[in-house]
Every structure is written in C-alpha cells, then in structure tokens.
Amino acid sequence: MIHIETKNFVMTGIEYPDRSFREISVYLTVKFFIYKKRSREILGELFAHQEDADTWHIGYVWNENTPYEHEEAFRKFCSFLFEEKNARRIYTFISEKDIYSLELCQNIKMRQEGHFIEFTPLEEDTECVPDYDNIYLYAMLQREWQKLL
C-alpha cells in the first residue's frame, strides 16, 4: 500500500505486476484513489502502466470536473512517477473534446507531441455511420519536470 499526502488531498494506492503485455519481463501498474483530506470525499483515481523500464502511460478518472482542484493531485502523481519510480518519460492520450484534461496537461507544462485525426472510433450515430474522435498525445520527460521544480 502506498500513501501520499498533499496540502488538500490524500492519495492511497497500490502497485501490482502486469504481465498482460509482456511474457518475459514484469512491469507494474500503479493505481491511486484520491480523496479530500477534510471531507474524505473521493475525487477519483489516477493510474499508470509501466510500458518499459522507464516509460509510463498515465490516465485518470475524476468523479467531477472542478478546474484546478485536481491539478495538485495530478502534479503529485507525476512527481511520484518521476522521483519514486524513476520514470524517464510519462505520456497520456486525451480527446480533443475533453477541454478540462487538455488544460490540466498544459497547466503542468506537458508537451503536445501529436494530434491524431479520426483516431478512435466512437459509437455509431443513428444512421450506423461511425463517429471518430480526435486525440492529442501529451508527454513530459524527467529532465523537463526537474526544470519546473
């Protein structure tokens, strides 16, 4: 069990081996539940999947979108990956429709590395025509993170 505190939040997490993508090497998945210190209200979860020795794919699910409230926990999570897990690189994919998440990545100074047009198929519309989502790729290197501290 991993326990991390910030000024306003508590993050309780676990890490476990993930053999789903690689048979030879064991990589980790890390998952944290975030809740407010005072009210103990659960805000959501942050997770990361280790793709190789020093690269992590990160993601999250928030129970509500309250701008800037989640940034503190997200920064602490990135810090945990860079400092405790020695990540060299973290990255995430975000729908262009998710304005809040795009702003969150920009606020912590992640770089936009790609924009994939009609990348992810969504549900078909009423005429059975597939609808596609445009996706942004955001990333940050450990050396970039260190410059922000």
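**View A. The cysteines C78 and C105.** The sulfur of C105 lies 8.0 Å from the closest cysteine sulfur, which belongs to C78, and this is too far for a bond. The structure shown is a predicted model. A disulfide would require the two sulfur atoms to be within 2.5 Å, and C78 accordingly takes part in no disulfide. Across the whole structure, a search finds zero disulfides.

**View B. The largest nonpolar core.** This core comprises 34 residues. The residues with the most contacts inside the core are I58, F74, F77, L81, I90 and M110. Helix α1, spanning residues 71-83, supplies the largest share of the core, namely seven residues. In soluble globular proteins, nonpolar side chains tend to be buried together.

**View C. The surroundings of L81.** L81 is among the residues with the most contacts inside the largest nonpolar core. When neighbours within four places in sequence are left aside, L81 is in contact with A48, W56 and I58, and also with N86, A87 and I90.

**View D. R40, a residue with positive phi.** R40 is located in the loop that joins β3 (27-36) and β4 (42-52). The phi angle of R40 is near 65 degrees, a positive value in a residue other than glycine.

**View E. E118, a residue with positive phi in a strand.** E118 belongs to strand β7, which covers residues 111-121. Its phi is near 50 degrees, again a positive value in a residue other than glycine. E118 is exposed, with a relative accessible area of 54%.

Conventions: Residues are numbered from 1 along each chain as its sequence is written. This is a predicted model: local features need pLDDT of at least 70, side-chain atom pairs count only at pLDDT 80 or more; totals for chains, interfaces and linings use all residues. Side-chain values use heavy atoms; hydrogens and water are left out. A nonpolar core is a set of buried Ala, Val, Leu, Ile, Met, Phe, Trp, Tyr and Cys residues joined through side-chain atoms within 4.5 Å. Buried means under 20% relative accessible area, exposed over 50%, partly exposed in between (1.4 Å probe, protein chains only). Helices (H or I, at least four residues) and strands (E, at least two) are DSSP runs, numbered from the N terminus. Contact means heavy atoms within 4.5 Å.
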